[in-house]
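Subject: Structure handover

Hello,

Here is the structure I promised you. Please open it first, then read my notes below.

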Amino acid sequence: YLSYLFIIIPFVVFAQIEEIAQDSTQVEYMIIEGDSIPVTAIDLDEVMLLHRLKFDSKEDRRRYLILRRKTIKVYPYAKLAAERLEALTERLNALESKREKKKYAKMIQKYIEGEFSDELKKLTRTEGQILIKLIHRQTGKTTFDLIKELRNGWRAFWFNNTASLFNISLKREFDPENVKEDYLIEDILQRNFQNGTLKKQKSALTFDFYELTNKWLHDDTEAKKS
C-alpha cells in the first residue's frame, strides 16, 4: 500500500498544479449594493495621514479651536459659492442674448437672497474674512475678481452690501504657503474632511499639504531656537 501511495502522490500533486494553472484565469467579481454592474475591485477614498496637533501654550490651543469653529461654520458657504459659480457660468454660456443672461442672473439672485441672506448677515468680521479666503480656495478667484467678471451674476451669492459690513478686502487670497493662519485653516479642513464633519470639495488652488506641514513645522522649530 505504501509503495502504491508513493507512486500515486506525484500524479495527484501534478494534477492539482495543472488544475490551478488552468483556473488561474478565473476572476472573482463583486456586486456593490445599489449597483448592478459587477466589479473586480473597489476604489477607496484617499486617506491622508495627519500629524498630531501640538500647542506651545493654552492660548495657542484656544486660538486654534476658535479658528476651527469659524472655519467649519463658513466652509459650506464657500463650497456653495463654487457650486453656484460653476452652474451660473455654464448656464450663462449657454444663453445667447444679453437680455436672457441678465434675466437669469436676477432670478438666481432673488432665489439665493431669499435662502441665505439672513445667514450671511449673521457672520462676524473674522468669519467673513475666512469666507473670502475660502471662496478663493474653492473657485481660484478672489471675490473682487468674481464681482468684476460676473457683476450682477455674482451678486446673486455675495449680495449687495454684505462685504461692506465686514469692512475687509475682497481681494484677499488664500495663501497657506506664506500665511500661517491660512495653513491652519487648511489643516482644519483636512481633519474635518476625514472625520466627516465637512463634505470635501476639491480646491481650485494647487498646493501640497504635506509640504506645507513640513515647512511650517520647520519654521516653528527654527523660531523656537532663535
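Leaving aside its neighbours within four places in sequence, which residues is threonine 213 in contact with? Keep that in mind; some background comes first.

This is a predicted model, where local features need pLDDT of at least 70, side-chain atom pairs count only at pLDDT 80 or more, and totals for chains, interfaces and linings use all residues. Residues are numbered from 1 along each chain as its sequence is written, and side-chain values use heavy atoms, with hydrogens and water left out.

**Overall**

The protein has 9 helices and 0 strands. Both are DSSP runs, numbered from the N terminus: helices are H or I with at least four residues, strands are E with at least two. From the N terminus on, the order reads α-α-α-α-α-α-α-α-α. Of the 226 residues, 32% are buried. Buried means under 20% relative accessible area, exposed means over 50%, and partly exposed is in between (1.4 Å probe, protein chains only). Take the contacts between residues at least 6 apart in sequence: 74% of them join residues at least 24 apart. Contact means heavy atoms within 4.5 Å.

**Threonine 213**

Back to the question. Threonine 213 is in contact with His51 and Tyr183, leaving aside its neighbours within four places in sequence. Threonine 213 sits in helix H9, residues 209-225. Is threonine 213 buried or exposed? Threonine 213 counts as buried because its relative accessibility is 6%. Its side chain makes a polar contact of 3.2 Å with the side chain of tyrosine 183. A polar contact is a pair of N or O atoms within 3.5 Å; within protein, one must be able to donate a hydrogen and the other to accept it, and residues adjacent in sequence count only if both atoms are side-chain atoms.

Two packed helices are described by the angle between their axes and the distance between the axes. Axes are lines fitted to C-alpha atoms, for helices over the stretch in contact, and angles run from 0 to 180 degrees between N-to-C directions.

Start with H2 (residues 58-94) and H8. They pack at about 65°, with axes 10 Å apart. H2 and H8 are therefore roughly perpendicular to each other. That label covers 65 to 115 degrees; under 35 is roughly parallel, over 145 roughly antiparallel, and the rest oblique. Residues of H2 in this contact include Tyr64, Leu67 and Tyr75. On the H8 side, Leu184, Ile188 and Phe193 are among them. By class, the contact of H2 with H8 has 9 nonpolar, 2 polar and 4 charged residues. Ala, Val, Leu, Ile, Met, Phe, Trp, Tyr, Cys and Pro count as nonpolar; Asp, Glu, Lys and Arg as charged; the others, Gly among them, as polar.

Now H4 (residues 125-139) and H8 (residues 180-194). Their axes come within 12 Å and cross at roughly 70°. That makes H4 roughly perpendicular to H8. The residues of this contact divide into 5 nonpolar, 1 polar and 5 charged.

**Aspartate 182**

Aspartate 182 lies in helix H8. With a relative accessible area of 1%, aspartate 182 is buried. Which side chain does the side chain of aspartate 182 join in a polar contact of 2.7 Å? The partner is lysine 133. Lysine 133 is one of the H4 residues that meet H8.

**Arginine 91**

Arginine 91 is in helix H2. At 40% relative accessibility, arginine 91 counts as partly exposed. Arginine 91 and lysine 101 are 10 residues apart in sequence and 8.4 Å apart in space, C-alpha to C-alpha.

Best wishes
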